[in-house]
Amino acid sequence: MHSGSFSGAVYGFVRSSTSQPGSSRRGGGRSRGRGRSGSQRWPSVNQNFNNQRLVDVSENFDELEITEDDGSNINTKENSAINFDAYEDIPVEVTGSHIPPPVNTFTEIDLGQGLNDNIQRCKYVKPTPVQKHAIPIAVAGRDLMACAQTGSGKTAAFCFPIICGVLRNRFQTAGSGRGRSRMAYPSALILSPTRELSCQIHEEAQKFAYNTGVKIVVAYGGAPIVQQFRNLEKGVDILVATPGRLVDMIERARVSLGMIKYLALDEADRMLDMGFEPQIRKIVQQMDMPPPGERQTMLFSATFPLEIQRLASDFLSDYIFLTVGRVGSSTDLIAIIML
Ligand SMILES: Nc1ncnc2c1ncn2[C@@H]1O[C@H](COP(=O)(O)OP(=O)(O)OP(=O)(O)O)[C@@H](O)[C@H]1O
């Protein structure tokens with residue numbers, strides 16, 4: 001059982017003053033804050049919408065060195081998109097059975113050399129609170145319901161375990177399903193509400209997976225589907241998609257979810273606000289996706305209204321419930337849910 005008494009300090013993450021203009025993806029003007037100083041190296045995500053040219057991380061990452069860092073400069077400009085000083089008072093609640101302990105450094109978790117190198121390239125020295133808890137939980141193979149605000153570092157929290165898992169499975173399975181047919185068989189699916197968020201997740205995930213051989217493809221509506229099919233044909237391990245476009249691709253028999261081992265839903269409350277629940281349920285429950293227990297599912301949401309609680313109980317299996325900071329709307333909170 002989970003208690004819904006989410007009180008405490010106001011969420012303490014702040015945006016870097018170096019955030020890219022135009023990166024806001026919410027009507028309310030909330031910015032995603034992909035703004036560490038190094039991000040000026042990356043092409044604007046908006047470029048992708050027009051010319052379909054996906055970001056080539058290698059063009060940029062080769063310039064970045066892997067540097068040993070003792071964590072003493074975590075508030076320097078290099079990685080100050082997040083104000084780590086604001087962490088101290090952030091309330092964290094974790095409930096569920098056999099909860100893996102949180103970590104204080106990324107190196108405490110066995111993420112593999114390739115991912116560790118890329119974490120250093122990204123200048124992520126210290127995990128954010130959601131990363132401290134969510135990464136060990138997910139790497140242990142557990143399902144997770146996480147309530148955390150935008151800008152808290154959720155992208156890495158679900159990408160690191162997924163990339164790590166895909167790499168581990170490489171040794172056991174044939175990989176990205178290439179060569180079978182024109183049907184793509186991703187082993188991980190990340191659902192997000194908007195094309196902007198999907199592109200941002202894709203861009204981050206490419207950095208994290210740089211040089212590992214893990215193939216990440218993004219699919220979103222409002223852009224020609226043909227180019228996205230071509231990207232899928234080159235092979236895909238991790239598919240980042242908006243719900244409507246993914247349903248379209250599945251119905252055209254170009255994507256199968258039959259090999260999915262990892263499912264992450266980012267900003268689940270936002271997806272429901274946008275009316276995506278039928279598409280999400282179709283994707284997760286009515287296609288060929290393995291059922292809860294046979295896949296690993298991570299559900300991220302800023303708020304925890306009844307609809308999200310229902311999704312959690314329908315999509316997750318023996319899950320761990322993590323709350324970092326104050327959950328969005330106190331009136332939406334329901335005190336108890338059953339595991
Ligand atoms: N451990 C870390 N160390 C340094 N910077 C980090 C760390 N984790 C995330 N960041 C940076 O902080 C910013 C916000 O992180 P991120 O975009 O992952 O948050 P998010 O919770 O996924 O946001 P959203 O809700 O908008 O999806 C990004 O610029 C990201 O690169």
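Predicted model: local features only at pLDDT ≥ 70, side-chain atom pairs only at ≥ 80, totals over all residues.
**Overall make-up**

The chain holds eleven helices and eight strands. Of its 339 residues, 45% are buried. Among contacts with a separation of 6 or more, 77% join residues 24 or more positions apart.

In soluble globular proteins, nonpolar side chains tend to be buried together. Here the largest nonpolar core has 87 residues, and Leu 144, Ala 146, Ile 163, Ile 238 and Leu 299 are those with the most contacts inside it. Helix H5 (residues 154–170) supplies the largest share of this core, with nine residues.

| Pair | Axes come within | Crossing angle |
|---|---|---|
| H5 (residues 154–170) and H6 (residues 195–208) | 10 Å | roughly 50° |
| H8 (residues 243–251) and H10 (residues 277–286) | 9 Å | roughly 45° |

The axes of H5 and H6 cross at roughly 50°, which makes H5 oblique to H6. On the H5 side the contact is made by Thr 155, Ala 156, Cys 159, Phe 160 and Ile 163, and on the H6 side by Ile 201, Glu 204, Ala 205 and Phe 208. Ile 163 of H5, part of this contact, is also one of the residues with the most contacts inside the largest nonpolar core. The crossing of H5 and H6 is right-handed.

With an angle of roughly 45°, H8 and H10 are likewise oblique to each other. The crossing of H8 and H10 is left-handed. Pro 243, Gly 244, Leu 246 and Val 247 of H8 meet Gln 279, Ile 280, Lys 282 and Ile 283 of H10.

An α-helix has 3.6 residues a turn, so residues three or four places apart point the same way.

**Helix H4 and the annotated stretch**

Helix H4 (residues 129–139) is mostly covered, with nine of its eleven residues buried. The buried residues are Pro 129, Val 130, Gln 131, Lys 132, His 133, Ala 134, Ile 135, Ile 137 and Ala 138. They are covered by elements that include H5 and the strands E1 (92–95), E2 (144–147), E7 (296–301) and E8 (320–324). Just after H4, Gly 141 takes a positive phi of about 90°.

Over residues 104–132 the chain is 45% helix and 0% strand.

**Ser 181**

Ser 181 lies in the loop between H5 and strand E3 (188–191). Is Ser 181 buried or exposed? Ser 181 is exposed, because it has 11 other C-beta atoms within 10 Å, and a residue with 12 or fewer counts as exposed. The C-alpha atom of Ser 181 is separated by 8.8 Å from that of Glu 233, which is 52 residues away along the chain.

How values were computed
Residues numbered from 1 in each chain as written. Helix = DSSP H or I, 4+ residues; strand = E, 2+ residues; numbered from the N terminus. Core = buried A, V, L, I, M, F, W, Y, C linked by C-beta atoms within 7 Å. Buried ≥ 20, exposed ≤ 12 C-beta atoms within 10 Å, placed from the backbone. Axes fitted to C-alpha atoms, helices over the stretch in contact; angles between N-to-C directions. Parallel < 35°, antiparallel > 145°, perpendicular 65-115°, else oblique. Left-handed = near helix turned anticlockwise from the far one by under 90°. Contact = placed C-beta atoms within 7 Å.
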